[in-house]
Structures are given as structure tokens and as C-alpha cells.
Amino acid sequence: MQKLRLLCWAVLLGLGRACPEPCDCGEKYGFQIADCAYRDLEAVPFGFPANVTTLSLSANRLSGLPGGAFDEVPLLQSLWLAHNEIRTVAAGALASLGQLKSLDLSHNLISDFAWNDLHNLSALQLLKMDNNELAFIPRDAFRSLQALRSLQLNHNCLHTLAEGTFAPLSALSHLQINDNPFDCTCGIVWLKTWALATAVSIPEQDNIACTSPQVLKGTPLSRLPPLPCSAPSVQLTYQPSQDGAELRPGFVLALHCDVEGQPAPQLHWHIQTPGGAVEIASPNVGADGRAPPGTPAASGQPRFQAFANGSLLIPDFGKLEEGTYSCLATNELGSAESSVNVALATPGEGGEDALGHRFHSKGSEGKGCYTVDNEVQPSGPEDNVVIIYLSRAGSSEAAVVAGEGLGWQPPNLLLLGQSLLLLFLAFF
């Protein structure tokens, strides 16, 4: 109610406000129009009547739209900004225009656009952003535009579009996306499928074509051949060490993340320890376990060593390294994640630990348990839990979880002895 009163006061005050000097203001066909086109303006003028419903700033020299640029015209329904030199539309520049129905930003140089502002423009029916330099559109950019009927994105620099970008546009009847330099990889296949099935009018489909890869250059998206594509899948694998291995002071915890997908997914590790979270883009070390030259840890071995083959090694694993280890694989088609909780405990003390409680409760049920001597299939909806029990006789904590597919043994990788009982709880 308070906002409504303020809006009414703004309208009443605006009725008596003069038009900015470079512009012409008046009423036409029942609309309050401010015409500032072809005025050689370098910035949005100030001093418009608050009841203006149509504003034309086309064919000027505007280089950008700052936040709050149109706050004084909250009743605006049509905004024309074509043929300027706009490069940046700042956050908040358009957010106040909740009644806007038509927005023309075509024929500019826009590469930096506040997409979140569109979330406030639920009344928008026409959006023209063609002939700019847009290279990226967020997946949720159009989530609030259920009234949008016409969208023009042609002649930009778009290499791809996220799947589902146009899904919220339930009223859309006209879409132009031709003449963009699309990369015809797995990430764009959805657009071909959607364009062939939709009732939306999409003109110039022969000009919605591939720019790369070179073998597909010039191929219209509608005639794109089948590509070998699959979303990522991950499996965090581990197995008990060999019987009879010699127990030595100090150890390396080893996990392995087996990743599949096409195109080849990017692997990322998220580690949550008592000391905080650690993010690692894999790999962060070479085959010798050392960080590449020029990186912060180049002088030695990182605390967490992520290898290109999906293995993660933690030298001198101890209480400070307890926590949750997650591997995340991502490609153009999506992502997949797998996690394991790792805790250290001395025999007889596991029951005092939260993870120990979980282990003993499941162990008493005879399910979800891995031991050195036998193996039971995991069950239950919870995360993986790995509890490493240490020998009281041992002078140092020592354990190894050897990942399947490691394929090699680092020089300092020490194996478990019979005095170390390694128990796994696995709940998926």
C-alpha cells in the first residue's frame, strides 16, 4: 500500500514536470510519449514526467545504461534504445520497469548485460537484442518472461545455449537465433531437437549453422549429424589392501574417481575437513606427485594430490584430514557426483565417534559392511562411510584405501598390515 501511494505521488508530481530539453513530450493515441531519438545524446536525460509510457532513445550515442537509469519512469511500457553504442547494461538499469511490454536494444555493442533485471519484467512481450556482441545467456535468463511473444537474438556472438533456456517462454511464437557462431558439440544437440519439434516460428533456419568444429563448419543445425554424446557418470571406488602387507609408520590415503562421459568430463574434488573446505580442479599435480611450476605449491607436494587419472592421494593422512571427500564430473550435458566420509578410530573407541555409531548400528544388522575377509553389497540411502581402525600397538596411524584403476604405485605409498582393520560402510 505504501508503494502504491508513492507511485501515485510520483505520477501526480510528474504531470507538472517539464520534458528534458533535448526531447519532445506529449500525448499520442492515449500514450504519454517522450521522443529523444536522433538527439546525439551520450547519456539518458533526467527529468522525464513520471507518467511517460513510451520512451524512444534510439539513434543516439549512449555508451551504457547505469543502474537506476529509468527509475523516474515506472509506468513505462515501451522503451526503444536501438542504434546506439551501448556496451554495458548495469544491474538495476531495467529492474524498475515492471510494466514494460516492449524493449528494443538491437544494433548496439552489448557484451555485458544484467540478465537478472529481466526477472522483474514479467509483462514483457517483445525483446529485441539482435545485432549485439552477446556471447553468453544464463540458463534462467528468461525464467519470468511467460508473457514474451517475440525474442530476437540473431547476429550475436553466441557459441552455445544451455538446455532449457527457452522452456519458461510459454507464450513465445517468434524466435530469431540465426547468424550466431555456434559450436556444434554435444551441448547444442538439444537445440536441434527442440527447434525441430517446437511450434515456435524460427525463420532463417539455414543460417542457424555451425562455425566449429571445422568438419561441421557451415552445416545448418537442423541437418546436424548424430554425435556420440553422454552425460557424466562417476563412481568413487576403493578396496582393502592385500593381506600380509608390511605395516610402516606414516601412510597415504588413496581414493579413485572413475569417470565416464562424452565429451570427456572435467573432474573436480570437494573436500570438507575440520579445518574447512578445499576445492581442487583435477589434476593439480603431475605424474611425480609434484605441483606444476608456477603454482603456489610448486616447491613441494600439495596436501591433497589430484592426478589426471582420477586418483586422489593424501600423504600422511591423520585426524586433520578426516571428513567428506566428493568427486564431481561435469561436461556439456550435465554433472554427476559421488562422496565418501572418512574417519580414523582406534579399536574400542569407534563407538564414541559419530561415524562409529553409524558403523556399529549397520554392522549389527549385517548389511552395508566391507571387511578385509568378506564383502557385503551396500544398502541404504545414506552416504558412503569409511572408518579406518588403527592398531593400538602401532606407534603411528597408518592406513591405505587403494583406488581401483590406479595402475601405478607412488614411491611413498605404504600398504596396510594385518594389524590394521579397514572397515567400509557403503550406503547409496
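Which residue counts as partly exposed at 23% relative accessibility? The residue is Trp194, where partly exposed lies between buried (under 20% relative accessible area) and exposed (over 50%), found with a 1.4 Å probe on protein chains only. This is a predicted model, in which local features need pLDDT of at least 70 and side-chain atom pairs count only at pLDDT 80 or more, while totals for chains, interfaces and linings use all residues. Residues are numbered from 1 along each chain as its sequence is written, and side-chain values use heavy atoms, without hydrogens and water.

**View A. Aromatic pairs around Phe166.** Rings of Phe, Tyr and Trp (its six-membered ring) pair if their centres lie within 6.5 Å; planes under 30 degrees apart are stacked, over 60 edge-to-face, and the rest tilted. The whole structure holds 6 aromatic pairs. Phe142 and Phe166 are stacked because their ring planes meet at 10°, with centres 6.4 Å apart. Both Phe142 and Phe166 are buried. Phe166 also forms a tilted pair with Trp194, at 5.3 Å centre to centre and 35° between the planes. Phe166 lies in the loop between S10 and S11 and Trp194 in helix H2, so this pair ties together parts 28 residues apart in sequence.

**View B. Helix H2, residues 189-197.** Helices (H or I, at least four residues) and strands (E, at least two) are DSSP runs, numbered from the N terminus. Trp190, Leu191 and Ala195 are the buried residues of H2. The face turned away from them carries exposed Thr193, Leu196 and Ala197.

**View C. Strands S1 and S2.** S1 (residues 24-28) and S2 (residues 31-35) pair in the antiparallel sense over 5 bridges; pairing requires at least two DSSP bridges. Gly26 has Ile33 in S2 as its bridge partner.
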